[in-house]
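Dear colleague,

Please find the structure below, followed by a short account of what was found in it.

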Amino acid sequence: MTDARLYRRVGIGLVFLVAYVALDYVSYVKPYRGLGITAWNPPPGLSIAVVFLGGWFYAPFVLIAPALADIMVRGAALGPELEIILSVAVGGTYLAGGLALRRMTTFDPRFRYVRDALTLIGVSVASALVAAALYVVILRASGTIFQNEVLAVAWRAAVGDIIGVLVMAPLVFLAATYRPWPRLEPLAMLQLASLFGALAVVFGYQEATAFQLFYLLFLPLLWIALSYGPPGAAVSLLFIQLGLIIGAEIRFGPDPGLGALQVLMTALAITGLIVGTIVAEREDAAARLRDQQASINRALRIRSAGEVAATIAHEINQPLTALNTYAGIAAKAMAEGRQDLVARAIERISAESMRANEVLRGIRELLRQGTLTKRRVDLAAKLEELEELLGEDLEKKGIRLLIDVDPDFPIIRADGVQLQQAIHNLIVNGAEAILGAGRSGTIMTTVSLSDQGEVHIEVQDDGPGFPPGYDVDEPAPFTTTKPEGSGLGLAVARSIAEAHGGNLTIATSPRGARIVLRLPIEREGDEQDRQHH
């Protein structure tokens, strides 16, 4: 330990002794038979706090402090030897209490949790009972008190010390560790006035019996504790305890009913401390909730970015695959001198390139403003394009693709590229399910108008259906039943349906899956009528 640090700790020890004696002097009101037994004895709280904060170094200061206070305040009325014995016994008890509290790793001196208040209450009660027991044993052995006084002296000593610890220790703990202290609210002066007003009513209302209106003190105590948490509770308890001692001295003179006063003061101290920690616990819980929400938001942003990237990759993969296929056809046709087939392949390459661009544009618009670009859409033509794109390849794999569009189906307004991509996803999903089962099959795509005037786009396959446990009501992104699946096809189709104001429903059985996109119809004529009006 460096000299500067040693000097600093010794200085703190000396300040502790001065504060101990000062507190003993201030609280030496209504003593029992001239002994150091008062209704409120805060020095033990100071001892526990300094030992908790500083450890063994302050043991000598804590052990000699009671003797020094007796000499300075009461003139060592019991004699030097007895004063030293009592000092070591009582000081040693609270030294042990502070060290025990220091070893409790769950105790937070900022009183952030209710368990912190309960821990201090437990330590204060245990230490006070042991100190009171040692105190009366020594006094009885020395003949200072009579046998019939033992219980009365022990009770008053223990309760006075408990009150002192519960009021003084939290103040020291919070002063040393609580940062930052809460700022005073505009109502702070009114709260303080209400506290003193309650004290004035308790002791000034002459028609009330002793402490009959004591319950009024709980009102400002709870108000301040709820406003400022542990610091507010600790400070208000200090003012209340001082007010009770002074008020009892003024109102009731030499015999205020010390036992009743101590019980009431204990109830106030415990209530204020626990309420203050409840407020702190709620604030911490709210802060943790905000932090967790911020973490969830960050995780969602990261996941959303990943979903966007995966969606783009998934949706653009189909046009890229088609481009590769048509490029291969063009190269082979060119080698064979089949210029007509080369021209058709190049035409399809151009069409797929435009489709890839439209897919990217649609995703970008949907992400940017959550809307779709609606134009005239001939769903029959869109499905014919899909049949031309997928039909031959599926047929080679043993899967028939059937398209059925109502002959009277009207031209509608929708985002054709997005709808086509959604149907494409559903067809490909059905094909992969059939192939995954190791068999051939059929995919039937039907477009019709319902009696309610909705567009129904139905894709039905005769594959194995969805496995048990799959959430058919709300398919989540990245949840797939296929070994090579991305888990995005259904989720993207659902998002496209919802962006159009519709929905996606799934029915599944061992005989296959049936997926229906339901969209509110918006005819081309409806839009023209709106523009006309």
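Phe 52, Phe 107, Phe 111 and Phe 173 make up one aromatic cluster; rings of Phe, Tyr and Trp (its six-membered ring) pair if their centres lie within 6.5 Å, with planes under 30 degrees apart counted as stacked, over 60 as edge-to-face and the rest as tilted. The model is predicted, so that local features need pLDDT of at least 70 and side-chain atom pairs pLDDT 80 or more, whereas totals for chains, interfaces and linings use all residues. Residues are numbered from 1 along each chain as its sequence is written, and side-chain values use heavy atoms, without hydrogens and water.

The whole structure holds 12 aromatic pairs. One of them, Phe 16 with Tyr 20, is edge-to-face, at 5.8 Å centre to centre and 65° between the planes. These two residues are four apart in helix H1 (residues 3–26), and therefore about one helical turn separates Phe 16 from Tyr 20. Helices here are DSSP runs of H or I of at least four residues, strands runs of E of at least two, numbered from the N terminus. Phe 16 counts as buried at 4% relative accessibility, as does Tyr 20 at 6% (buried is under 20% relative accessible area, exposed over 50%, partly exposed in between; 1.4 Å probe, protein chains only).

The charged end of Arg 74 sits over the ring of Tyr 28, 4.8 Å from its centre, and that of Arg 115 over the ring of Tyr 113, at 4.6 Å. The criterion is NZ of Lys or CZ of Arg within 6 Å of the ring centre and within 35 degrees of the ring normal.

Yours sincerely
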